[in-house]
Amino acid sequence: MGDYIIIVLNKTVRDIESLRIQGASNVARAGLRAMDYVIRKSMADSKSELIDELRRASNKLISARETEPMLNNSVRYVVWKLKSTSVDDFNKEARGIIKGLFGIVDKAKEQLFKIGSNVVKNSSVVLTHCH
């Protein structure tokens with residue numbers, strides 16, 4: 001991984017660790033954006049090199065907030081899915097995987113709001129708890 005990739009990745013890690021980025025979907029999206037950046041800037045010549053870079057990036061991201069399952073699942077899924085593909089243009093395929101995950105995260109958030117709006121009425125008091 002190049003120096004500039006590491007700088008950008010480390011900034012995302014710091015933002016997640018410091019809680020500057022909060023909320024499961026926001027943390028997952030930040031992790032996916034960082035993975036996408038690694039892919040775009042990677043100088044990997046083979047799929048195995050790119051997978052190695054993504055594995056190292058995903059481990060760094062996960063270590064930023066190990067108790068965040070959506071982040072963990074999202075970045076690990078990118079690596080797993082890319083390993084199981086046999087396409088020549090692995091960078092394009094990896095970016096497609098990430099784009100698909102953004103769609104899933106967004107749809108889950110929309111569903112949560114839709115269902116929640118039917119359950120929680122105006123002026124309700126709601127206690128939320130994470131983990």
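**Whole chain**

Colour the chain by secondary structure. The chain has five helices and zero strands. This is a predicted model. Read from the N terminus, the elements run α-α-α-α-α. Now turn on the principal axes. Along them, the C-alpha atoms fill a box of roughly 55 × 30 × 20 Å. Colour by accessibility next. Of the 131 residues in the chain, 36% are buried. Among contacts with a separation of 6 or more, 68% join residues 24 or more positions apart.

**Stop 1: H1 against H2**

Select residues 3–17, helix H1, and residues 24–41, helix H2. Their axes come within 10 Å and cross at roughly 175 degrees. How do the two helices run relative to each other? H1 and H2 are roughly antiparallel, because an angle over 145 degrees counts as such.

Show the side chains at the contact. On H1, pick Tyr4, Ile5, Val8, Leu9, Thr12 and Ile16. On H2, pick Val27, Ala30, Ala34, Tyr37, Val38 and Lys41. Colour them by class. The contact has 10 nonpolar residues, one polar and one charged. Thr12 belongs to the H1 side, and Lys41 belongs to the H2 side.

**Stop 2: along H2**

Stay on H2 and hide the rest for a moment. Its 18 residues should span 26 Å at 1.5 Å a residue, and the end C-alpha atoms are 26 Å apart, so the two values agree.

Next, select the buried residues of H2. They are Ser25, Val27, Ala28, Ala30, Gly31, Leu32, Ala34, Met35, Asp36, Tyr37, Val38 and Ile39. What covers the buried residues of H2? The cover includes H1, helix H3 (47–64), H4 and helix H5 (90–119).

**Stop 3**

Is Asp15 buried or exposed? Its relative accessibility is 14%, so Asp15 counts as buried. Show its surroundings. Leaving aside neighbours within four places in sequence, Asp15 is in contact with Arg20 and Ile21.

Step on to Leu19, in the loop between H1 and H2. Check its backbone torsions. Phi is near 70 degrees, a positive value in a residue other than glycine. Leu19 has 45% relative accessibility and therefore counts as partly exposed.

**Stop 4**

Select residues 69–83, helix H4. Its 15 residues should span 21 Å at 1.5 Å a residue, and the end C-alpha atoms are 21 Å apart, which agrees. Now show the buried residues of H4: Leu71, Asn72, Ser74, Val75, Val78, Val79 and Leu82. They pack against H1, H2, H3 and H5.

Switch to aromatic side chains. How many aromatic pairs does a search of the whole structure find? The search finds one. Its members are Tyr77 and Trp80, with ring centres 5.7 Å apart and planes at 40 degrees, so the pair is tilted. The reason is that planes under 30 degrees apart would count as stacked, and planes over 60 as edge-to-face.

Both residues lie in H4, three residues apart, about one turn of the helix. An α-helix has 3.6 residues a turn, so residues three or four places apart point the same way.

Keep the pair on screen and compare accessibility. Tyr77 is partly exposed, at 33% relative accessibility. Trp80 is exposed, with a relative accessible area of 53%.

**Stop 5: the segment after H5**

Ser123 has a positive phi of about 70 degrees although it is not a glycine. Its relative accessible area is 77%, so Ser123 is exposed.

Thr128 is found in this segment after H5 as well. At 67% relative accessibility, Thr128 counts as exposed. Finish with a distance label from Thr128 to Tyr4. How far apart are Thr128 and Tyr4 in space? They are 38 Å apart, C-alpha to C-alpha, and 124 residues apart in sequence.

Note on methods
Residues numbered from 1 in each chain as written. Predicted model: local features only at pLDDT ≥ 70, side-chain atom pairs only at ≥ 80, totals over all residues. Heavy atoms only, no water. Phe/Tyr/Trp six-rings, centres within 6.5 Å; stacked < 30°, edge-to-face > 60°. Helix = DSSP H or I, 4+ residues; strand = E, 2+ residues; numbered from the N terminus. Buried < 20%, exposed > 50% of the residue type's maximum accessible area, 1.4 Å probe, protein only. Axes fitted to C-alpha atoms, helices over the stretch in contact; angles between N-to-C directions. Parallel < 35°, antiparallel > 145°, perpendicular 65-115°, else oblique. Contact = heavy atoms within 4.5 Å. Nonpolar A, V, L, I, M, F, W, Y, C, P; charged D, E, K, R; others polar. Expected span 1.5 Å × (residues − 1).
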